[in-house]
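Please read these notes alongside the model.

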Amino acid sequence: MPHAVSPLAEQARSALGRRNLVFVGLMGAGKSAIGRLVAQQLGMPFVDTDTEIERVSRMTIGELFAAYGEPEFRALETRVVRRLLRSGSKVVSTGGGAFINDRTRRQIERGGVSVWLKADLEVLWERVNKRDNRPLLKTENPKQTLEKLMQDRYPIYQRADITISSRDVRKEVIADDVMHAVIAYLSKGRTNR
């Protein structure tokens, strides 16, 4: 049984129209969890680009990195993002490096409204340090590597249309923040770049 759409979700969905909503940010920021929840509340399809890449390649992200290296992975990611954003409006969660890649970022800028889930180091570390499926963190000092990724990537993530603080609160709170921000962003007539 589908749940009732809240007035907030209804307003955000109306503001988005046929646009995609694309989540960007570092690993552990909550792109998949928040993206999935927002999609459910908006009544839109949800796609995680990493899951889609694994599906089309029949390899895990880690296997792709090991077999082909990061440049080839990023090229595949760009193609997948382009295809997803052209196939009808949806909520999309991207991998941490997607928005950093110039070609992929241009696809996102043309294909939707981007939302950066920004989190501080301790929040990210708490979320990612228990899992062993992060190719970029397979280093001698993974927390230091994560901090370096933040320093390198945050200036680029700042180019996203909307920035939301991903913090240690219930997912529903952040999902509401996203919907409020989408409404505010699109109601300011900022739909043309």
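The numbered points below start with the basis of the model and then go through its helices.

1. This is a predicted model, in which local features need pLDDT of at least 70 and side-chain atom pairs count only at pLDDT 80 or more, while totals for chains, interfaces and linings use all residues. Residues are numbered from 1 along each chain as its sequence is written, and side-chain values use heavy atoms, without hydrogens and water.

2. Threonine 49 is found in helix 3 (residues 49–57); helices are DSSP runs of H or I with at least four residues, numbered from the N terminus. Threonine 49 has a relative accessible area of 0% and is therefore buried (buried means under 20%, exposed over 50%, partly exposed in between; 1.4 Å probe, protein chains only). Beyond its neighbours within four places in sequence, threonine 49 has contacts (heavy atoms within 4.5 Å) that include Val80, Leu84 and Val92.

3. Also in helix 3, arginine 55 and glutamate 52 are three residues apart and form a salt bridge at 2.6 Å, N to O (a side-chain nitrogen of Lys or Arg within 4 Å of a carboxyl oxygen of Asp or Glu). Arginine 55 is exposed at 52%, whereas glutamate 52 is buried at 11%. A network of salt bridges links Glu52, Arg55 and Arg83.

4. In helix 5, glutamate 109 and arginine 105 lie four residues apart, and their salt bridge has its closest N and O atoms 4.0 Å apart. Arginine 105 is buried at 6%; glutamate 109 is partly exposed at 29%.

5. In helix 7 (residues 142–157), aspartate 152 and lysine 148 are about one turn apart, with a salt bridge of 2.8 Å, N to O.

Methods:
Helix = DSSP H or I, 4+ residues; strand = E, 2+ residues; numbered from the N terminus.
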